[in-house]
Amino acid sequence: MQHSSIHWFRKGLRLHDNPALLAAATDCHRLHPLFILDPSSGRAGTNAWRFLLDALRDLDRSLREMGSRCPTPSTTPRGGCLALSLGVQGIQTRCRACPSLSHLRVLALNNGKAPLTYKGLQSLLASLGPPEKPAPTLTLEHLQGCHTPCQVSHDTEYGVPTLEELGQDPTEVGPHLYPGGETAALARLNSLMDRTVSKPETEPTSLSPSTTVLSPYLKFGCLSVRTFWWWLDEVYQGREHSQPPVSLHGQLLWREFFYTAGAGIPNFDRMVGNPVCLQVNWDNNPQHLRAWREGQTGYPFIDAIMTQLRTEGWIHHLARHAVACFLTRGDLWISWEEGLKVFEELLLDADWSLNAGNWLWLSGSAFFHRYFHIYSPVAFGKKTDRDGAYIRKYLPVLKDFPAKYIYEPWKAPRAVQEQAGCLVGTHYPQPIVEHGAASKRNLGRMKAARAQKGNKSPRRHQAPLAPCCHSSCLPLLQAPSGNNQLASQWLNHKGKSPRPSHTDPHRDPQLWVRHYLSGFDPFCSTAPH
DNA sequence: ACGACTGTTGGTGTA
DNA sequence: GTACACCAACAGTCG
């Protein structure tokens, strides 16, 4: 009972199922839970920062109720620096994060190779058995005899900052629909109980979410994926329910699928150097990209979705499909990497592997091969929303258009546009491309790109990237020892962390520790190791 | 090595 | 409203 522990909160912003926090609190005399804010990290937009600050306040409140606190210094050492310097000073550093159910175990079982189909993942999982059970929630009992020293100046110096203090513009946030934090996450989880716990009726055009919206909570670790899995398991008992891939368990397995792919495939979030990614000559068209990002394509369904994304930070998965297809193989023929960056900024739930994996999928670059299935920016939304209520909600400029023209306002006669108080080309843009011609042309280009692939030298699978791991918890981290020069170099490193180079993380300790740790930061754009 | 099977969720036109 | 053919015919996986 003599030692002090520091618990560094990174992605697991919760007290339930947090083995690292539990271990830190066990038999310790002084506990210092902390979170390090790095305003320069990642591309997160204002809504995502608000979610994070909510989560931190919630965490601090929960800890305070047990006599502890969670300070959030903003001195922003780069991910990895702290662990490295502690290691150099001979302080034991343990890294125990469980952002997934089993992706590292799957990779270990499959010689470091990520399965490229859902079926493949399922058969590997079958031999691993069920996921681990969640760890007990931290309670007052765990903290017996343990205290957190707090200075009088705690709140002013280490309290959770405001958006302004982070350099974010608070006027940019949308309605506060999804407050961050563990408390909100568990409340949302428990409210599922009242609903049919099978795949919810899902419609991209519903005015309030028809799916669970647990994804932002999973992304920040406000909700443990293992807790969610076993909670579902209990609710499913003795009930008729759907099966993977469409059940909620199945949805969590998709998450595992992309986590596995993200950890096992080099350059996963890029086209070049990514062995599973179709190599495509995407167009460089900043005007079209901007129109898509700002919801100014002239296709109301697309623009409404992009508006919901920007203001609310969450859109239905089929809405994501529609806009992703439109940007890439469907209409604009712009690289999925551009879309990935926009989603990373605007989505509350942008998780590195899931974001990259789904962009690969929707752009027809990997995993998905029926490239002639193209979402229509006009017909797709109409299927579930004939009258265009969704468009009217998010694009009020079009709200008085008759249903007949709401998906294609440019087709409305001048008199109808005047009646609706909206002239296409003046108050709302003309379509930036003609979908019929564009999609036809792009289908041909897609075919050509795929034909090209056959001529290339066969792809080689590269060495496995994941550090070996025996369970979903990571082993003791051993920082390179006795290398003070390395540590100070690192601590002096300024600016953004470079993208993860997958050349050889094992041989370069600096690269390795960064690679190893950075994925735990909420906004860090690297693999979730 | 090879064939069979399968794949979370399309659009359009016709009967 | 529903059912079906057609589009053009892939790639990973498994036996």
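I began at Arg270, which is partly exposed at a relative accessible area of 25% (partly exposed lies between buried, under 20%, and exposed, over 50%, with a 1.4 Å probe and protein chains only). Its salt-bridge partner is Asp269, with the closest N and O atoms 3.7 Å apart (a salt bridge is a side-chain nitrogen of Lys or Arg within 4 Å of a carboxyl oxygen of Asp or Glu). Asp269 counts as buried at 6% relative accessibility.

A note on ground rules: this is a predicted model, where local features need pLDDT of at least 70 and side-chain atom pairs count only at pLDDT 80 or more, while totals for chains, interfaces and linings use all residues. Residues are numbered from 1 along each chain as its sequence is written, and side-chain values use heavy atoms, with hydrogens and water left out.

Next I checked confidence. Chain A averages a pLDDT of 83, and 81% of the residues score at least 70 (pLDDT is the predictor's confidence in each residue, from 0 to 100). Over residues 456-518 the pLDDT is below 50.

Back to salt bridges, of which I found 18 in the structure. Arg320 meets Asp349 with the closest N and O atoms 2.9 Å apart. That pair links distant parts of the chain, 29 residues apart, from helix H13 to the loop between helix H14 and helix H15 (helices are DSSP runs, H or I, of at least four residues, numbered from the N terminus). Arg320 and Asp349 are both buried.

Last, I looked up Trp292. Its contacts (heavy atoms within 4.5 Å) include Phe326, Phe343 and Trp359.

Technical notes: Chains lettered and ligands numbered in written order. Helix = DSSP H or I, 4+ residues; strand = E, 2+ residues; numbered from the N terminus. Lists of a residue's contacts leave out its neighbours within four places in sequence.
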